[in-house]
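Visitor: I am new to this structure and would like to know what the terms used for it rest on. Please take me through a few of them.

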Amino acid sequence: MFLMNTYSRFPATLVYGKGSWVYDNSGKVYLDFTSGIAVNVLGHSHPKLIEAIRDQAGKLIHCSNLYWNIPQMELAELLSKNTFGGKVFFANTGTEANEAAIKIARKYGKRKNEKKIKILSARNSFHGRTLGSLTATGQPKYQKPFEPLVPGFDYFEFNNVKDLREKVSDEVCAIFLEPIQGESGIIPATKEFLKEARRLCDEYDILLVFDEVQCGMGRTGKLFAYQKYGVIPDILTVAKGLGGGIPIGAVVVNEKANVLEPGDHGTTFGGNPLACRVGVTVMKELTKEGFLDEVEKKGKYLLEKLSRMKEKFGVMRDVRGMGLMIGIQFSEELENRNIAMKCFEKGLLVVPAGNNTIRFLPPLTVEYGEIDIALRILEEALQEI
Ligand code: PMP
């Protein structure tokens, strides 16, 4: 085995996927309620994605940002027109999108005054693994081995208006927030909290950054979670689902946050025609009439059935989420990883998360019958455990 020991993996080698299903190299089939951690929004082997990749691969895969390319311009337009009309920078991953947002925030702040460099983020948030995003990730367990971190960061308690107010000052240039915290167990922000964050940002001339790497791209039944809350950020970071499986990240900024100039920031691969062409395909599918309404309906169906299951199983402490981003928190006597493993053995893939939670993140194209199968497997797993 030539791989570094960076992951504790489930014991399967996946070789093929179709729709909501994946197969391992022994031929065993699994119902995929992970979507590669909120990535495969259109499921596996979607004909439109295959067609886009084939066609673009035969035209132009990469050309760097020394030149313009058509898919990049098209995708920027789609992202802009489907959000708050901003400008777009393309990266390759979620953590890179957040790194770009950190740099934008610092430049924005320093233009106002040299001391305006502080970045606030929530405890138990997750923004990525590179040093800037890791510093924004308010979780010492991920940070400790890699200290010293990037200076100028501070943390507030998620959904605690009073704490956020106390941390805000004229020295703050940005507040980072996940509208729905993903890695820490699907914890939605309250509307009150996001509204107050917006108000404080306006009062203190701070950029509000929403990290929608996990909760964006249709997960919640809206294209972006902020559209559910009616609170608009200055900067939006996107990745995961945008490429439907091909790596891509993006930062959307409003006019005020559009501060980067040539030389400030860049990437070799970001915005390459292949990834952007796939992004265009994903965006067009998700914004087709009725698609997101269906996500919302399927999400409600799933949440309702899980809530009923919760009444039957005392170990299910909480069921929460929006759309097809749902977390099930278990009481301490049952470890989430064991439940995920039991589901795995029975042919259902789910993602463990913080707070002793497992996440249901099926493809947005999941069918009702598949939701029923997932629920049945979870129920059996809980009965056996
Ligand atoms: N932000 C959020 C909210 C995430 O959930 C993740 C990944 N789980 C990231 C950033 C980092 O994304 P990536 O792994 O693509 O760097």
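Visitor: Is the crossing of H2 and H10 left-handed or right-handed?

Guide: This is a predicted model. In it, the crossing of H2 and H10 is right-handed.

Visitor: What makes H2 and H10 roughly antiparallel to each other?

Guide: Helix H2, residues 47–57, and helix H10, residues 273–286, pack at an angle of about 150 degrees. Angles over 145 degrees count as roughly antiparallel, and H2 and H10 are therefore roughly antiparallel to each other. Their axes are 9 Å apart.

Visitor: Which residues in H2 and H10 meet?

Guide: Contact means heavy atoms within 4.5 Å. From H2, Lys48, Leu49, Ala52, Ile53, Asp55, Gln56 and Ala57 take part, and they meet Pro273, Leu274, Arg277, Val278, Thr281, Val282 and Glu285 in H10. By class, the residues of this contact of H2 with H10 divide into 8 nonpolar, 2 polar and 4 charged.

Visitor: Why is H11 called roughly parallel to H13?

Guide: The axes of helix H11 (residues 291–312) and helix H13 (residues 368–384) cross at roughly 20 degrees and come within 11 Å. Angles under 35 degrees count as roughly parallel, so H11 is roughly parallel to H13. H11 passes H13 in a right-handed crossing.

Visitor: How many nonpolar, polar and charged residues does the contact of H11 with H13 have?

Guide: The contact of H11 with H13 has 9 nonpolar, no polar and 7 charged residues. Among the residues of H11 that meet H13 are Glu294, Tyr301 and Met309. The residues of H13 in this contact include Ile371, Asp372 and Leu382.

Visitor: What lines the second largest pocket?

Guide: The second largest pocket has a volume of about 810 Å³. It is lined by 28 residues, and the closest to its centre are Asn65, Gln72, Val88, Phe89 and Phe90. Helix H3 (70–81), strand E4 (87–91) and strand E12 (249–253) each give two or more residues to the lining. E4 gives the most, with 4 residues. By class, the lining has 15 nonpolar, 11 polar and 2 charged residues.

Visitor: Which residues does a cis peptide bond join?

Guide: The cis peptide bond joins Glu147 and Pro148, with omega about 5 degrees. Pro148 lies in the loop between helix H6 (140–143) and strand E6 (153–156).

Terms used: Residues are numbered from 1 along each chain as its sequence is written. This is a predicted model: local features need pLDDT of at least 70, side-chain atom pairs count only at pLDDT 80 or more; totals for chains, interfaces and linings use all residues. Side-chain values use heavy atoms; hydrogens and water are left out. Axes are lines fitted to C-alpha atoms, for helices over the stretch in contact, and angles run from 0 to 180 degrees between N-to-C directions. Angles under 35 degrees count as roughly parallel, over 145 as roughly antiparallel, 65 to 115 as roughly perpendicular and the rest as oblique. A crossing is left-handed if the near helix is turned anticlockwise from the far one by less than a right angle, and right-handed if clockwise. Ala, Val, Leu, Ile, Met, Phe, Trp, Tyr, Cys and Pro count as nonpolar, Asp, Glu, Lys and Arg as charged, and the others, Gly among them, as polar. On a 1 Å grid over the protein atoms alone, a cavity is a set of points where a 1.4 Å probe fits but cannot get out, and a pocket is an open set with protein on both sides within 12 Å along at least five of seven lines; lining residues have an atom within 4 Å of a point. Grid points are joined across faces, edges and corners, and a volume is the space filled by probe spheres set on the points.
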